[in-house]
Amino acid sequence: KNVLRGMHLQTKKPQDKFISVVKGKILDVVIDCRKKSKTYGKHFKIILSDKNCKSLYIPAGFAHGFSVLSKEARVHYQVDNYYDKQNEFGINPLDKDLAIDWKINKENYHISSKDLDNPYFKNINFFDF
């Protein structure tokens, strides 16, 4: 609970993703990073859980992350391209300009230092997908 993970995408080998939750509940968030899109820089969020049985398809060009809202969660990813460490990229999920309400306890949450070290959205020169 109160784990925050994200925002991740791959650059030169982008991935389409299909996300579902087999146990627990998460707030799933995506950010449109496609420069030519009408929704560039906007985010979308949805609750996925084992109770509501919803899934989310995320096309290439979107950054993805989630926060865990239940005591524990198991998240299932399906992707259309292999993970490539050299092409992984991230956006700081706590970027104030993005104004994402992660629905977590702000006094007691867990986030990796790697995710916290990612740049803010406005400081990124995105490529075309």
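Student: To begin, which residue in β5 does isoleucine 19 stand opposite?

Tutor: Isoleucine 19 stands opposite leucine 56 in β5. A note on the source: this is a predicted model, in which local features need pLDDT of at least 70 and side-chain atom pairs count only at pLDDT 80 or more, while totals for chains, interfaces and linings use all residues. Residues are numbered from 1 along each chain as its sequence is written, and side-chain values use heavy atoms, with hydrogens and water left out.

Student: What counts as a strand or a helix here?

Tutor: Both are DSSP runs numbered from the N terminus: helices are H or I with at least four residues, and strands are E with at least two.

Student: And how do strand β2 and β5 pair?

Tutor: Strand β2 (residues 17-23) and β5 pair in the antiparallel sense over 4 bridges. Two strands pair if DSSP finds at least two bridges between them.

Student: In what order do the strands of that open sheet come?

Tutor: The order is β5-β2-β7, with antiparallel pairing among these 3 strands. β5 (55-58) and β7 (74-79) are at the edges with a single partner strand each, so one side of each has no neighbour in the sheet. On average, neighbouring strands of this sheet are turned by 20° against each other, direction ignored. The angle is taken between axes, which are lines fitted to C-alpha atoms (for helices over the stretch in contact), and angles run from 0 to 180 degrees between N-to-C directions.

Student: Moving on to strand β3, how many of its residues are buried?

Tutor: In β3 (residues 25-32), 7 of the 8 residues are buried, so this strand is largely enclosed by the rest of the structure. Buried means under 20% relative accessible area, exposed means over 50%, and partly exposed lies in between (1.4 Å probe, protein chains only).

Student: Which strands does β3 pair with?

Tutor: β3 pairs with strand β4 (residues 43-49) in the antiparallel sense over 7 bridges. Another 7 bridges join β3 to strand β6 (residues 62-68), and these two strands run antiparallel. As examples, isoleucine 31 has histidine 43 as its bridge partner in β4, and aspartate 28 stands opposite phenylalanine 66 in β6.

Student: Which residues touch the most other members in the largest nonpolar core?

Tutor: They are Met7, Ile31, Cys33, Ala63, Ile91, Trp102 and Phe121, out of 18 residues in that core. β1 (4-10) and β3 each supply at least two residues of this core. Apart from it lies another core, of 11 residues, including Ile26, Leu56, Phe66 and Val68. A nonpolar core is a set of buried Ala, Val, Leu, Ile, Met, Phe, Trp, Tyr and Cys residues joined through side-chain atoms within 4.5 Å.

Student: Is phenylalanine 121 buried or exposed?

Tutor: Phenylalanine 121 is buried, with a relative accessible area of 11%. This residue is found in the segment after α1 (113-116). Phenylalanine 121 is 88 residues from cysteine 33 in sequence, but their C-alpha atoms are 9.0 Å apart in space. Not counting residues up to four places away in sequence, phenylalanine 121 touches several residues, among them Ile31, Cys33, Tyr40 and Ile91; contact means heavy atoms within 4.5 Å.

Student: How many aromatic pairs are there?

Tutor: The count comes to 1 aromatic pair. Tyrosine 40 and phenylalanine 121 form this tilted pair, with 5.3 Å centre to centre and 50° between the planes. Rings of Phe, Tyr and Trp (its six-membered ring) pair if their centres lie within 6.5 Å; planes under 30 degrees apart are stacked, over 60 edge-to-face, and the rest tilted. Tyrosine 40 is partly exposed, with a relative accessible area of 29%.

Student: And how many salt bridges?

Tutor: The count comes to 6 salt bridges, where a side-chain nitrogen of Lys or Arg lies within 4 Å of a carboxyl oxygen of Asp or Glu. One of them joins the side chains of glutamate 72 and lysine 23 (3.2 Å, N to O). Glutamate 72 lies in the loop between β6 and β7 and lysine 23 in strand β2, so the pair ties together parts that are 49 residues apart in sequence.
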